[in-house]
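Thanks for coming. I will go through one structure today, a few residues at a time, and give each term its cut-offs as it comes up.

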Amino acid sequence: MNKSLCFSSMALLVFVFFAGNRSYGQPYMGKPFADSLHHGVQTIPGKLQCALYDLGGEGVAYHDSDGINQGSGKLNPADGTYLNEFRLKEGVDISYTKFREPAIDNNAYNLVMPLKDELYVGWTAPGEWVKYTVLVKEAGTYTLGMMYTANQGGKISISINDMDKTGLVNIPSTYVKDDPIQWRQWHHWNYLKDFAKVKLDKGIQIITLYTKETGQMNYGYINFTLARMN
Ligand SMILES: [Ca+2]
Ligand SMILES: [Ca+2]
């Protein structure tokens, strides 16, 4: 190969590498969620409310299988209420715990009773993710627990600043064969204690919650408890 041909090939390779890695090194453009009821970044230690994922849209703050919110505005018709219309135009699928008769989320098959009118991320599928800008007030090792439902079990993982910190986490099934109502298998709540330990630096951090396997899970909140200071 002559010198100029060799140089051209190298230049092409460099171009292809950078063109294919456009996002490499770019800063995260998502912002903490805010609306009339929620303002200010979510803080750790404490509860990370899963439905309060960042603003920024598909491909930035979340990835969802489709652009429709299957909960807000669909299962929960747009009727002017805050809960039914919460983040209605976003792809992440959101609903809230309903205490009604016949029982929905206030059912006798819950392992742990949820609070009423709590927003949650539902209609989850493998490959989906949501990001959270959080303010960590104390550096340290945190124990994670999660309020959830999983009608077949499933797997999630959690990244901090885009580094996987948990590997695959097994989410136990909350299926109860005695429940005569099939759709209520999506509403058996449980709290999974101590499913991971993660080390967090003080200050602003970006947490990503990935649905890795099975999906069909509902995510209420992830509790971050300080286990040990650094
Ligand atoms: Ca969707
Ligand atoms: Ca979804």
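**Loops, ions and charges**

Asp 179 is found in the loop between S12 and S13. Those labels are for strands: helices (H or I, at least four residues) and strands (E, at least two) are DSSP runs, numbered from the N terminus. Asp 179 is buried, because its relative accessible area is 6%. The cut-offs are these: buried means under 20% relative accessible area, exposed means over 50%, and partly exposed is in between, with a 1.4 Å probe and protein chains only. Asp 179 and Asn 107 are 72 residues apart in sequence, yet 9.4 Å apart in space, C-alpha to C-alpha.

Before I go on, some ground rules. This is a predicted model, where local features need pLDDT of at least 70 and side-chain atom pairs count only at pLDDT 80 or more, while totals for chains, interfaces and linings use all residues. Residues are numbered from 1 along each chain as its sequence is written, chains are lettered from A and ligands numbered from 1 in the order in which they are written, and side-chain values use heavy atoms, with hydrogens and water left out.

Now the metal. Which residues coordinate the calcium ion (ligand 1)? Asp 64 (OD), Asp 66 (O), Asp 66 (OD), Ile 68 (O), Gly 91 (O), Asp 93 (OD) and Asp 93 (OD) do, at 2.3 to 2.9 Å. Donors here are N, O and S atoms within 2.8 Å of the metal, or 3.2 Å for Na, K and Ca; water is not among the atoms, so sites may look incomplete. Along the sequence, the donor residues of the calcium ion (ligand 1) are spaced D-x1-D-x1-I-x22-G-x1-D. There is a calcium ion (ligand 2) as well, 4.1 Å from the calcium ion (ligand 1), and Asp 64 coordinates both. Ile 68 lies in the loop between strand S3 (62-63) and strand S4 (72-73), and Asp 93 in the loop between S5 and S6, so the pair ties together parts that are 25 residues apart in sequence. Ile 68 counts as partly exposed, at 47% relative accessibility. Asp 93 counts as buried, at 2%.

Next, salt bridges. A salt bridge is a side-chain nitrogen of Lys or Arg within 4 Å of a carboxyl oxygen of Asp or Glu. How many are there by this rule? The count comes to six, and I will show some of them.

In one of them, the side chains of Glu 90 and Arg 87 meet at 3.2 Å, N to O. Glu 90 counts as buried, because its relative accessibility is 17%. Arg 87 is also buried, with a relative accessible area of 7%.

Asp 162 forms another with Lys 131, the closest N and O atoms being 2.6 Å apart. This pair links distant parts of the chain: Asp 162 is in the loop between strand S10 (154-160) and S11, and Lys 131 is in strand S8 (residues 129-136), 31 residues apart. Are the two partners buried or exposed? Asp 162 is exposed, with a relative accessible area of 54%, whereas Lys 131 is buried, at 7%.

In a further salt bridge, the side chains of Asp 178 and Lys 177 meet at 3.7 Å, N to O. Both Asp 178 and Lys 177 are exposed.

Now the backbone. Most residues other than glycine have a negative phi, and most peptide bonds are trans. Arg 87, from the salt bridge with Glu 90, has a positive phi, near 55 degrees. Arg 87 sits in the loop between strand S5 (76-77) and S6. Asp 194 has a positive phi too, near 45 degrees, and its place is in strand S13 (residues 190-200). Asp 194 is exposed, because its relative accessible area is 55%.

What kind of peptide bond joins Ile 44 and Pro 45? The bond is cis, with omega about 10 degrees. Pro 45 is in the loop between strand S1 (42-44) and strand S2 (46-49). Glu 101 and Pro 102 are also joined by a cis peptide bond, with omega about -5 degrees. Pro 102 is in the loop between strand S6 (94-96) and strand S7 (119-121).

That is the end of the tour; questions are welcome.
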